[in-house]
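Hi,

Here is the structure I promised to pass on. Have a look at it first, and then read my notes below.

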Amino acid sequence: MAQFSESEIDAAKRRVWEMQNRASRYTSKSEPANVSPFSFHTQSKAQREETEKSETQKSETDKTQNSSEDSAEKDKSFGIILALILLLSKEGADNTLILALLYLLL
């Protein structure tokens, strides 16, 4: 198993934190968390458990709110893909393309 120095681990944590902040700007409307990548490492065990619990509750709330949006979006895409399959099959498109679109419906 590879051995990593503390500075390499801290650099990796910082990169992960930066990428998560970048991704959150694209995936959610809320502001990214401005938590230092090193704060989790310096917290006590009780503080870490509290942080994990609050993050879990927040993610569950976000999932509930986004579930109705996701289902509406899936319904739209399902109809579009189905219409595309019907159109392509009538036009004599390649069967592998139609099968690929059917796979998307799963």
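Let's start with a term: a salt bridge is a side-chain nitrogen of Lys or Arg within 4 Å of a carboxyl oxygen of Asp or Glu. The structure holds one of these. It pairs E18 with R14, and their closest N and O atoms are 3.9 Å apart. Both residues sit in helix α1 (residues 6–27), four residues apart, which is about one turn of the helix.

Before you go further, keep in mind that this is a predicted model: local features need pLDDT of at least 70, side-chain atom pairs count only at pLDDT 80 or more, and totals for chains, interfaces and linings use all residues. Residues are numbered from 1 along each chain as its sequence is written, and side-chain values use heavy atoms, with hydrogens and water left out.

Now the overall layout. The protein chain has four helices and zero strands (both are DSSP runs numbered from the N terminus: H or I of at least four residues for helices, E of at least two for strands). Of its 106 residues, 9% count as buried. Buried means under 20% relative accessible area, exposed means over 50%, and partly exposed is in between, using a 1.4 Å probe and protein chains only. On that scale, E18 is partly exposed at 32%, and R14 is too, at 35%.

Which residues make up the largest nonpolar core? They are I81, I85, L88, I98 and L101 (a core is a set of buried Ala, Val, Leu, Ile, Met, Phe, Trp, Tyr and Cys residues joined through side-chain atoms within 4.5 Å). Helices α3 and α4 (95–105) each give two or more residues to this core, and α3 gives the most, with three. Leaving aside neighbours within four places in sequence, I81 is in contact (heavy atoms within 4.5 Å) with L101, L104 and L105.

F78, L82 and L86 make a nonpolar surface patch of about 280 Å². Patch residues have over 30% relative accessible area and no salt bridge; like charges are joined within 9 Å, and nonpolar side chains (Val, Leu, Ile, Met, Phe, Trp, Tyr) within 5 Å. The areas come from the Shrake-Rupley method with a 1.4 Å probe, and for residues only the protein chains shown count as cover. L86 is in helix α3 (residues 45–91) and is exposed, at 51%.

Cheers
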